Amino acid sequence: MKDETERRGGERWGVAIWAVAVLAALVALPWAASDRLPERLATHWGADSGGPDGSMPLWAAALFPGLIWLVVVLLTVVLARRSERAASSPAIRGWPVAALLSGGVLLAGAQASIVRANLDHTDWRQADSVSVWTVLTFGVATVAGLAGWAVARRGPAAAPHAVAGGPSMDVPAGERFVWLSRTTNPWLRWIGALSGLLALAAVLVAVSGLIEVEWAAVAPFATVSVAALSCASVQARVTEKGLAVAFGPLGWPVRRWPAEDIESARAENRTPAQVGGWGYRLSGMGTTVMLRAGECLVIRPRRGSEFAVSVDDAERGAALLNALGGQRTH
């Protein structure tokens, strides 16, 4: 129950930050370039001619997309709460995040394209075409929506099966046992999210043409975002096939060890100071995925160094691995 409450709290904060960030971008972009824009902005382009055929005052061009975004956020939140009873369905669980991500990217990209098209023109009828930017915006919005859906539909990790504790256990022939545990480091998750927002803001500024932004300046923020998010969460799963450790919100990449290739498994307390810090660490103790100090599942492969991952309930995961390894050697 505590993990579920923390998960829901994190989701609410994530939605709030994303909603505010998109709203700020929609409103701020036209005002930031007001001295380089005409009094009225071209806001609509004809499908046939590709030229501008509709306009709005600058204040309306800044506020109208913001109002649309607020309506999208409110409707999504209300509908998501009403569908919570069906949240066990992965598709239903993932749609609110997909809608907010794709909708935010679509509106922000469209606003940046509008500002760029009107930039340094004295009349809105002189605005440049937005065809290329429209296609790119739709493509990025689609990818963002699919990624958000894939992340959200995974949901919280299922509780491990109630199997007997201890360093080993008896697994009756024909029976299948599954152990599953997931850990998240909130600090790494926030670092990844904030770095991603900074990278997105830099891209929007570059697309809008307000400032000449070197793409090399965006790369560090994007790299930090991907690296931090990839190491911010981990899921360990033990089945009759062995151990699988999945990284990041998408559950990829995945490291796998067949049960017959694991010599032994144990639970052990480790700290960041012992393994050299946070995240994916290589040290004299082998490889450690360190997301929080404390209990870790440690395996000793028949080939290579030890591997440890900081997850809860590691004792039962180790017991099941030892039992499965014992079955393979008999």
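## Stop 1: helix α6

Select what covers the buried residues of α6: β3 (179-184), α5 (186-208) and β4 (233-239) are included. Covering here is by contact, meaning heavy atoms within 4.5 Å. Helices (H or I, at least four residues) and strands (E, at least two) are DSSP runs, numbered from the N terminus.

Before going on, note that this is a predicted model: local features need pLDDT of at least 70, side-chain atom pairs count only at pLDDT 80 or more, and totals for chains, interfaces and linings use all residues. Residues are numbered from 1 along each chain as its sequence is written, and side-chain values use heavy atoms, with hydrogens and water left out.

Now select α6 itself, residues 215-232. Its 18 residues should span 26 Å at 1.5 Å a residue, and the end C-alpha atoms are 26 Å apart, which agrees. The expected span is 1.5 Å times one less than the number of residues.

Which residues of α6 are buried? Val-218, Ser-225, Ala-228 and Ala-232. They cover an arc of only 105 degrees around the axis, so they sit on the same side of α6. That arc is taken from the directions from the helix axis to the C-beta atoms. Buried means under 20% relative accessible area, exposed over 50%, and partly exposed in between (1.4 Å probe, protein chains only).

Turn to the face away from the buried side. The exposed residues there are Trp-215, Ala-216, Thr-223 and Val-226.

## Stop 2: Thr-137

Go to helix α4 (residues 131-154) and pick Thr-137. Its relative accessible area is 11%, so Thr-137 is buried. A polar atom of the Thr-137 side chain lies 2.7 Å from the backbone oxygen of Trp-133. Beyond its neighbours within four places in sequence, Thr-137 contacts Val-105, Leu-106, Gly-109, Ala-110 and Ser-113.

## Stop 3: the nonpolar cores

A nonpolar core is a set of buried Ala, Val, Leu, Ile, Met, Phe, Trp, Tyr and Cys residues joined through side-chain atoms within 4.5 Å. The largest has 25 residues. Select Leu-243, Val-245, Leu-297 and Val-309, which have the most contacts inside it. At least two residues each come from β4, β5 (242-247), β7 (262-270), β10 (294-301), β11 (307-309) and α8 (314-328). Helix α8 gives the most to this core, with five residues.

Centre on Leu-297. Not counting residues up to four places away in sequence, it touches a list that includes Trp-179, Leu-243, Arg-266, Phe-307 and Leu-321.

A second, separate core has 21 residues, among them Leu-41, Trp-45, Leu-58 and Ile-114.

## Stop 4: an aromatic pair

How many aromatic pairs does a search of the whole structure find? Two. Show the rings of Trp-257 and Phe-307: their centres are 4.6 Å apart and their planes at 45 degrees, so the pair is tilted. Trp-257 is in strand β6 (residues 254-258) and Phe-307 in strand β11, 50 residues apart. Both Trp-257 and Phe-307 are buried.

Rings of Phe, Tyr and Trp (its six-membered ring) pair if their centres lie within 6.5 Å; planes under 30 degrees apart count as stacked, over 60 as edge-to-face and the rest as tilted.

## Stop 5: Arg-316

Return to helix α8 and select Arg-316. Its relative accessible area is 22%, so Arg-316 is partly exposed.

## Last view: the whole protein

Zoom out to eight helices and eleven strands. Of the 330 residues, 40% are buried.

Methods:
Polar contact = N/O pair within 3.5 Å; in protein donor to acceptor, adjacent residues only side chain to side chain.
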